[in-house]
Amino acid sequence: MGYSRIAGMPVITGLYTILVPIVAFAIFGSSRHLVVGADSATAVMMSTGLLSLGLVAASPSYVAMAGLSALLCAGLLLVARLLRLGFIANFLSRSVLIGFLTGVGIQVALGQVGGIFGIAPQPGGTLERLVATVRLIPNETVLPTLGVSIVVFTLVYGLKRVNHRIPGALIAVIVTIAASSALNLAAHGVAVLGVIPSGLPQLGLPSGVLSTEDVVQLFPTALAMVVVILAQSAATSRAYALKYSDSFDENVDLVGLGLANGAAAITGAFVVNGSPTKTEMVDSAGGRTQVSQLTAALLVVPVLLFLTGPLARLPEAVLASVVFIIGLRLIDTKGMRDVLRVRPAEFAVAALTALTVIIVGVEQGILLAMGLSVVEHLYHSYRPYDSLLVEAPDGSYRAAPEATGGELEAGLIVYRFGASLYYANATRFMAEVLGLVKAADPAVRWFVVACGAIGDIDYSGAASLRQVQQELRAMGVTLVLADISDQLRQLLDRYGLAEQIGEANLYDTIREAASAYRRGPGAEGGQRPTSARLVRDE
């Protein structure tokens, strides 16, 4: 019910999301632990998108368009499964996802401040609404409503301190419904939910919104939500699969998520997602399989049939308080501190993502998050970690400071490039190779590129490697490749590089290349030291 408030939907639709949709994922998804239902991130995104179209929250047209957005998400998720696009989830780095969810949490929490004090919603963006609400607090606070909110906070946090498995929010709902009935809180200015329809949801497609224009208007919002669904669901499934040594398939989960959203669309609900908060709640209560989710769906049925009457007396401040707590739980202060401690640059990216969500909007935040994740990856692959490896007494290599420089043997440099060779780092690769050769003393005879970390070579990378071979040959240096994978060998053949470099200059291991150098003409008469052997590693 709290998530339905975030989504701008009628309260009853929140219960609909844990009926048929949760069953659809339990049957067709692969994760044993992921709980699928209404989620704050996608609820905010949907609400933002629909309100931007001029729709009134909870109105019939709003509800119909929410159903269409779920239907679009279902279609996009199933298309993603056909194209095996589960890997897209990895385009949101963990640090950026932490920043995104933190921003969503702050936005959600700030949006409920008015409801906690009994103040009507204010227009404008997140910060504008907050400022307007704070100005009204001294004069327009409804004290009985604030009292209800304080009771909810006390019960939720107090019972959590006693035992984290106690469902404090559920107990708060029951207590406040009883108090509302006994004390007639509505007569004292406390807003309550009012009449809630009973019975199971009617099946059918969203009515009156299947025009092409509506689809075009909703498509950007649906696409942004699908990215969040992919990233958040996969991240949550992966975390719990690792925790319990289980397996899951991102592409199979796409089917479950797609069918769950299709079920939401035809049952009058709204977009559903793999929820980290719900998953953690079930896990902390001892749930280890989808049987927990199927049980929850069964329990919702009697609530819909027989208990909507008592829910009508639930104070709205209870939902505002619960949603505020949900928002606070999404603010990952520990995660942000950890990122700041180990990767300050990534923290800046995460913080920027969070600020974008809060100030500009959720859709812009997710687009920025994806863009920054890609830029972050490109930056690290453009400048991989540089080091030298010094030969240990047992013949293995250990890292040494780059400034030590050196050769494996006189006339022999072994250089390990620490990333795939592609357009962004190809020029840098070429400059470093030629720089090492020119700076070497004595003159280099063989230059060995250790290719263990090179998983791919694009067209630009192949051109640079070809140019390096030509320039080294003009300098009297033989280019040798070692530690070549089967995939890389196929690429070398395709680009014609294997023929240009020469089959005799391709080796399976670095040691084989070094042994060949010692046996070959380049080793004759050389004054090679037997100590302080170094491998240039990038």
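This is a predicted model. Begin by selecting strand 7, residues 478–482. Most of strand 7 is covered, with four of its five residues buried.

Now go to the surface and select D483, D486, D508 and E512. Which kind of charge do they bring together, negative or positive? The four form a patch of negative charge. Stay on D508, which sits in the loop between strand 8 (506–507) and helix 24 (510–519). D508 has a relative accessible area of 53%. It counts as exposed because that value is over the 50% cut-off.

For a surface patch of another kind, select I27, F28, L78 and L259. Together they make a nonpolar patch of about 340 Å². I27 belongs to helix 3, residues 20–28. Its relative accessibility is 54%, so I27 is classed as exposed.

The remaining stops are salt bridges. How many does the model contain? The count is eight.

Select R288 and D283, whose closest N and O atoms are 3.2 Å apart. Is D283 buried or exposed? D283 is buried, at 6% relative accessibility, while R288 is partly exposed at 33%.

Move on to R343 and E346, whose side chains meet in a salt bridge with an N to O distance of 3.1 Å. R343 is partly exposed, with a relative accessible area of 38%. E346 has a relative accessible area of 16%. It counts as buried because that is under the 20% cut-off.

Then select E503 and R489, which form a salt bridge at 2.6 Å, N to O. E503 lies in the loop between helix 23 (497–501) and strand 8, and R489 lies in helix 22 (residues 486–495), so the pair ties together parts that are 14 residues apart in sequence. E503 is partly exposed at 47% relative accessibility, and R489 is also partly exposed, with a relative accessible area of 27%.

For the last stop, select K334, D338 and R341. Show their side chains: these residues are linked in a network of salt bridges.

Key. Residues numbered from 1 in each chain as written. Predicted model: local features only at pLDDT ≥ 70, side-chain atom pairs only at ≥ 80, totals over all residues. Heavy atoms only, no water. Patch = residues over 30% accessible without salt bridge, like charges linked within 9 Å, V, L, I, M, F, W, Y side chains within 5 Å. Areas by Shrake-Rupley, 256 points an atom, 1.4 Å probe, with all protein chains shown as cover. Lys, Arg positive; Asp, Glu negative; His and termini not counted. Charge placed at Lys NZ, Arg CZ, Asp CG, Glu CD. Helix = DSSP H or I, 4+ residues; strand = E, 2+ residues; numbered from the N terminus. Buried < 20%, exposed > 50% of the residue type's maximum accessible area, 1.4 Å probe, protein only.
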